[in-house]
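User: I would like to go through the labels used for this protein and ask what stands behind each of them.

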Amino acid sequence: MADLLGSILGSMEKPPSVGTDERKKAKAQKVLIEKQQEAEKKLLDSFRQKIQKRIHEFIKDGNLEKLKIEPMEKVQRAIVHDVAELAGLASFSFGLEEEDRYVMLWKKEFAPTDEELQAYRRGEEWDPEKAKELLKQKVVNKLNALWPVLFQELEEALEKGRPSDPTKDIPASNYRDKYKHLIGDEAAKEAARGLVSNTSYGFVPSKNKQDSRTIEQVLADTRAKKRRKMEEISPESSTPSPGDHVTSSSTQPYPSADTSQHSSSDSA
């Protein structure tokens with residue numbers, strides 16, 4: 001097995017050897033690439049420092065709300081966004097890539113609205129007064145578009161609640177059937193308006209009253225009734241019962257002073 005593997009390896013061609021000149025060229029190219037990377041890194045570090053200084057001055061200036069950075073490459077824009085985020089600013093890029101794409105910075109208290117961002121994306125300058133007018137016009141147009149629909153819905157709602165014949169007032173129930181036991185079958189509206197009540201219901205007329213006495217007669221009868229009642233109660237209260245214990249002064253009087261003196265003189 002080992003002989004077979006050795007024969008296969010021996011039959012294969014050896015890789016070409018690298019010459020001294022080629023090694024020198026590869027080494028020099030590697031050194032050049034490292035120098036270029038180092039130079040680019042220094043340039044980016046210098047650019048970051050400039051952006052940091054510029055953003056710091058922008059934050060210190062209380063009169064500025066936003067800052068526009070000139071168009072630049074994608075790597076540089078990434079550095080601007082990174083520094084702005086660390087500084088607490090809002091940053092957005094606008095424009096065409098590799099042509100005029102730039103970065104706009106805003107302070108947090110003056111963050112842009114959606115309408116402002118849309119204007120910059122369209123390549124337009126933002127005008128607050130013009131934006132207010134456009135917003136008012138947009139609201140007016142929307143109301144004008146909705147008004148016919150709302151008016152139609154209102155008419156339909158009123159039409160549903162309106163009776164078919166406004167001159168006819170249809171009650172929920174027929175009063176003749178409801179008060180049939182009071183006014184009878186033949187009674188009409190005139191009879192109902194006359195307030196003629198049945199003697200079995202409602203107010204009782206004077207002719208149906210059983211008591212026709214005057215007030216004086218009623219008072220006299222009441223007094224006589226009370227007098228009879230008192231007379232019936234008096235004899236019963238004056239007669240004592242057999243089991244009652246009499247302790248009144250009439251049945252057991254105390255001895256008088258004259259009686260006590262007479263008794264003492266007799267004994268003497």
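Analyst: A start with patches: they are made of residues with over 30% relative accessible area and no salt bridge, with like charges joined within 9 Å and nonpolar side chains (Val, Leu, Ile, Met, Phe, Trp, Tyr) within 5 Å. The model is a predicted one, in which local features need pLDDT of at least 70, side-chain atom pairs count only at pLDDT 80 or more, and totals for chains, interfaces and linings use all residues. Residues are numbered from 1 along each chain as its sequence is written, and side-chain values use heavy atoms, without hydrogens and water.

User: What makes a negative surface patch here, and which residues form it?

Analyst: Glu73, Glu98, Glu99 and Asp100 form it. Asp and Glu count as negative, Lys and Arg as positive, while His and the chain ends are not counted. The place of each charge is taken as NZ of Lys, CZ of Arg, CG of Asp or CD of Glu. Accessible areas come from the Shrake-Rupley method with a 1.4 Å probe, and for residues only the protein chains shown count as cover.

User: Why is Asp100 called partly exposed?

Analyst: Buried means under 20% relative accessible area, exposed over 50%, and partly exposed in between (1.4 Å probe, protein chains only). Asp100 has 38%, so it is partly exposed. Asp100 sits in the loop between β2 (90-94) and β3 (102-106). Helices (H or I, at least four residues) and strands (E, at least two) are DSSP runs, numbered from the N terminus.

User: Which other salt bridges can you name, and how many does the whole structure have?

Analyst: A search of the whole structure finds six. Among them, Glu97 and Arg101 meet at 3.8 Å, N to O, and Arg122 and Glu124 at 3.3 Å, N to O. Salt bridges that share partners join Arg77, Glu97 and Arg101 into one network. Arg101 is partly exposed at 23% relative accessibility. Arg122 is exposed at 51%, and Glu124 is partly exposed at 39%.

User: Why does Lys107 have no salt bridge?

Analyst: The nearest side chain of opposite charge, Glu109, is 5.2 Å away, and a salt bridge is defined within 4 Å, so none is assigned. Lys107 is in the loop between β3 and α4 (114-121).

User: Which residues make the nonpolar surface patch, and what is its area?

Analyst: Leu146, Trp147, Leu150 and Phe151 make a patch of about 440 Å². Trp147, in helix α5 (residues 128-161), is exposed because its relative accessible area is 56%.

User: Which residues form the positive surface patch?

Analyst: Arg223, Lys225, Arg227, Arg228 and Lys229 form it. Lys229 is placed in helix α9 (residues 215-238), and with a relative accessible area of 55% it is exposed.

User: How many helices and strands does the protein have, and what share of its residues count as buried?

Analyst: The protein has ten helices and three strands, following the pattern α-α-β-α-β-β-α-α-α-α-α-α-α along the sequence. Of its 268 residues, 10% count as buried.
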